[in-house]
There are 2 protein chains.
Amino acid sequence: MQRNSIKVSMAVVRRLPKYYRYLGDLIHNDVMRISSKELGKLMGLTASQIRQDLNCFGGFGQQGYGYNVIELQKEIGSILGLSKSYNCVIVGAGNLGQAIANYEGFKREGFILKAMFDVNPRLIGNTIRDIKILDILDLGEYVKSNDIQIGIICVPKEHSQSVADTLIENNVKAIWNFAPTDVSVPDNVVIENVAISESLYTLTYLMNEDSLNI
Amino acid sequence: MQRNSIKVSMAVVRRLPKYYRYLGDLIHNDVMRISSKELGKLMGLTASQIRQDLNCFGGFGQQGYGYNVIELQKEIGSILGLSKSYNCVIVGAGNLGQAIANYEGFKREGFILKAMFDVNPRLIGNTIRDIKILDILDLGEYVKSNDIQIGIICVPKEHSQSVADTLIENNVKAIWNFAPTDVSVPDNVVIENVAISESLYTLTYLMNEDSLNI
């Protein structure tokens, strides 16, 4: 596959997981081939936007044939880094941490949940999905000696930055943060701050849009 | 406040909750006034983008003074519909449903959680945050007679569309869907599909970006 040498915009990057998911659904429904027009209709994008997006990565379709669904999903998965595997820990084993541990998109080959951590003595020592909940005091040491690549933060927001700092000091290079506040990381660490309330407030905006005088 | 008559793009709309959150943090830290340059630095945007975004709603700043943080947050909150209140139900009272019930951005004045629903007899009858878990068989009837505006879906993906259908048949006009599949709704209903895995796959993309030959 030939790829362009242009830096791909974050807007396109953020659409790739959506392509990946929709293509997975198509495979599940035994659809083997799809045109950019049909795919666009499914995803609420124009055919031309689909072609533009995929052209950032060299383009995959054939004129008059469309896209081979399985190949395209595989290629996008590979671009997303989903053909590799990652050792992960979840910090915070409350409802949110447990929900993430059981979340479908995370329970796939490639994301290896090695341990969970909490401060709560009633949780420490328990197991979830066969994963031990360990004492948060042991987080740094564990992360350093178990080659953890992704740290998932599910603690209250006042502790999120210090948890992130401990992870980063011990060589974690990627943080998936669910605490409702952005955490800061150095340039060599990547972060996704998942602010769930932002989508709720978008919803209430949309509920009221018609009555806004704009 | 004077507003423009241009339809606001979804990209701007999706940044509004972020403004709202950052301004809340500033208020929390007793910052009363901020320039577009400083706000941009905090949020990772340019000063000109900040001014452009806020101009969609008529603009709030004064040349040489900057923005009044409290007023700006209040205005944005009002644009987001956060000055109103909403009756809500959560369908699915497992870890994810419970995590949402306890999530900070949702536990605020305005979002009134009236009930939770589940199929699991071991959960039905229990309370979370003083909220009763009811039998999912009673969902339609309850929603209709309690003026529910927002339905929050935290059930496994194979049940998400039928739950959405029940909510909509009984007059719910907004759906916040956490099941890892998009649900379809008619034009008069608004929906936010929160696909958590998309942000995970964005993270793995960013982890591998340097090694991608693009």
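**A pocket in close-up**

Analyst: Let's start with size: the second largest pocket has a volume of about 560 Å³. A pocket is an open set of 1 Å grid points over the protein atoms alone where a 1.4 Å probe fits, with protein on both sides within 12 Å along at least five of seven lines, and lining residues have an atom within 4 Å of a point; the volume is the space filled by probe spheres set on points joined across faces, edges and corners. The model is predicted, with local features needing pLDDT of at least 70 and side-chain atom pairs 80 or more, while totals for chains, interfaces and linings use all residues. Residues count from 1 along each chain, chains are lettered from A and ligands numbered from 1 as written, and side-chain values use heavy atoms, without hydrogens and water.

Now look inside. The lining has 25 residues, and Gly94(A), Leu96(A), Cys154(A), Val155(A) and Pro156(A) are the closest to the pocket's centre. By class, 15 of the lining residues are nonpolar, six are polar and four are charged; Gly counts as polar, while Leu, Cys, Val and Pro count as nonpolar.

H7(A) has the largest share, with three residues. (Helices, H or I, need at least four residues and strands, E, at least two in DSSP.)

Finally, step back to the whole chain. An automatic or database assignment divides chain A into domain 1 (10-79) and domain 2 (86-198). The centres of these two domains of chain A, taken over C-alpha atoms, are 31 Å apart.
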